[in-house]
Structure formats: C-alpha cells, structure tokens
Amino acid sequence: AATPAQPDWNHSELLAGAIDDASPAVVYSGNWSAGAFRSAFRGTLTYSDEPGAVARFSFEGAELQYIYTKAPNRGMAAVTIDGGVSRTIDLYDSQPVWQARTVFGGLKPGPHRAEIQVLGRHNSASGGNFIDIDALRGR
C-alpha cells in the first residue's frame, strides 16, 4: 500500500526539547482555547481566532521552531522575535497537516523572546482565521 509522502525530517528529532503548547512556559493573552487532538504533539493544541490574541515564549539559542497545524479553517499569524521585524505565516491548507513547522534561524546565540499573534485575516481559500500553537522549540 502506498503511504503519503513524509517530510524528510524526523518528528521525534525535530521535537526533542520542544515546549508543548500546554506548558506554563507559553504565556497566552486574549481568548485562546485548548483542545485534545490525537495527531498533535503530546496530544494537545492551543488555538484562537481573536485578532490581537498573543502567545509569548522565551527561549535560548540561535533558532526558533514554531510547530503548528495547517488546516482549511486556518488564518495568518505574525511571529515577532525580540520585538524586531515580524513575519507573517499562512497556516491554511486544504487538508490538515499536523506538526507543520516554520524555522526562524540566524539569531544571535543567547536568550530571546518570541510573540505569535492572531492577525484576524486569512487567504481567500480559508474558511476561518484560526491559528494554533502545537509546540515551540528554541535551539
């Protein structure tokens, strides 16, 4: 039987040392909900579609990995590191993609602060503005 193509990275290796969305290390402001999802990292996601809702996370290292779910009801998230330039990520996909990731590299080694904000908008194919946090990893 054919299996769907898998990314060429190993999930367990990718997520070694990752902080789960439910960890007290991730501080949420605004209206966020937590849910159990079998395919999510450690079985949970925290999600919101409230414009301006923010998740904050401090980490050590020269890289941040933001792990999330792509789905038909997903919108755009703004990721800002150390108050600098923010990058917009589109979490939409026509099919669910569990443990998708975006890597922010090239940071100065050491302590950093990241913010992930709900923008409250989506691309025209999406049915919603939801973003989620599955896990975060600094390294």
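A search of the whole structure turns up 6 aromatic pairs. A pair here means rings of Phe, Tyr and Trp (its six-membered ring) whose centres lie within 6.5 Å; planes under 30 degrees apart are stacked, over 60 edge-to-face, and the rest tilted.

Before I go through two of them, a word on the source. This is a predicted model, in which local features need pLDDT of at least 70 and side-chain atom pairs count only at pLDDT 80 or more, while totals for chains, interfaces and linings use all residues. Residues are numbered from 1 along each chain as its sequence is written, and side-chain values use heavy atoms, with hydrogens and water left out.

Back to the rings. Phe-37 and Tyr-47 make an edge-to-face pair, 6.4 Å centre to centre with 75° between the planes. Phe-37 sits in the loop between β3 (33-36) and β4 (44-48) and Tyr-47 in strand β4, so the pair ties together parts that are 10 residues apart in sequence.

The cut-offs are under 20% relative accessible area for buried, over 50% for exposed, and partly exposed in between, with a 1.4 Å probe and protein chains only.

The other pair is Phe-57 with Phe-59, which is stacked: 5.9 Å centre to centre and 10° between the planes. Phe-57 is buried, with a relative accessible area of 5%, and Phe-59 is buried at 5% as well. As for Phe-37 and Tyr-47, they belong to one aromatic cluster with Trp-98 and Phe-130.

Now the chain as a whole. Of its 139 residues, 42% are buried. The chain exposes about 7200 Å², with carbon and sulfur atoms supplying 51% of that; the areas come from the Shrake-Rupley method with a 1.4 Å probe, and for residues only the protein chains shown count as cover. A contact means heavy atoms within 4.5 Å. Among contacts between residues at least 6 apart in sequence, 72% join residues at least 24 apart.

Which strands stand at the edges? The sheet is open, has 4 strands in the order β1-β12-β6-β9, and its pairing is antiparallel. β1 (19-20) and β9 are at the edges with a single partner strand each, so one side of each has no neighbour in the sheet. Two strands count as paired if DSSP finds at least two bridges between them.

β6 pairs with β9 through 6 bridges, running antiparallel. Across that pairing, Ile-67 stands opposite Arg-101 and Tyr-68 stands opposite Ala-100. β6 also pairs with β12 (residues 135-138), antiparallel, over 4 bridges, where Leu-64 faces Gly-138. Why call β6 largely enclosed by the rest of the structure? Because 6 of its 7 residues are buried.

Thr-102, in strand β9, is buried at 8% relative accessibility. Its side chain makes a polar contact of 2.7 Å with that of Tyr-68. A polar contact is a pair of N or O atoms within 3.5 Å; within protein, one must be able to donate a hydrogen and the other to accept it, and residues adjacent in sequence count only if both atoms are side-chain atoms. Beyond four places in sequence, Thr-102 touches residues including Leu-64, Tyr-66, Arg-87 and Ile-89.

Beyond four places in sequence, the contacts of Leu-64 include Phe-57, Phe-59, Ile-81 and Leu-136.

Last, a glycine. Gly-120 lies in the loop between β10 (111-118) and β11 (131-133) and is partly exposed, at 25% relative accessible area. Which residues does Gly-120 contact, leaving aside neighbours within four places in sequence? They are Pro-51, Met-76 and Asn-129. The C-alpha atoms of Gly-120 and Met-76 are 7.0 Å apart, though 44 residues separate the two along the chain.

Key
Helix = DSSP H or I, 4+ residues; strand = E, 2+ residues; numbered from the N terminus.
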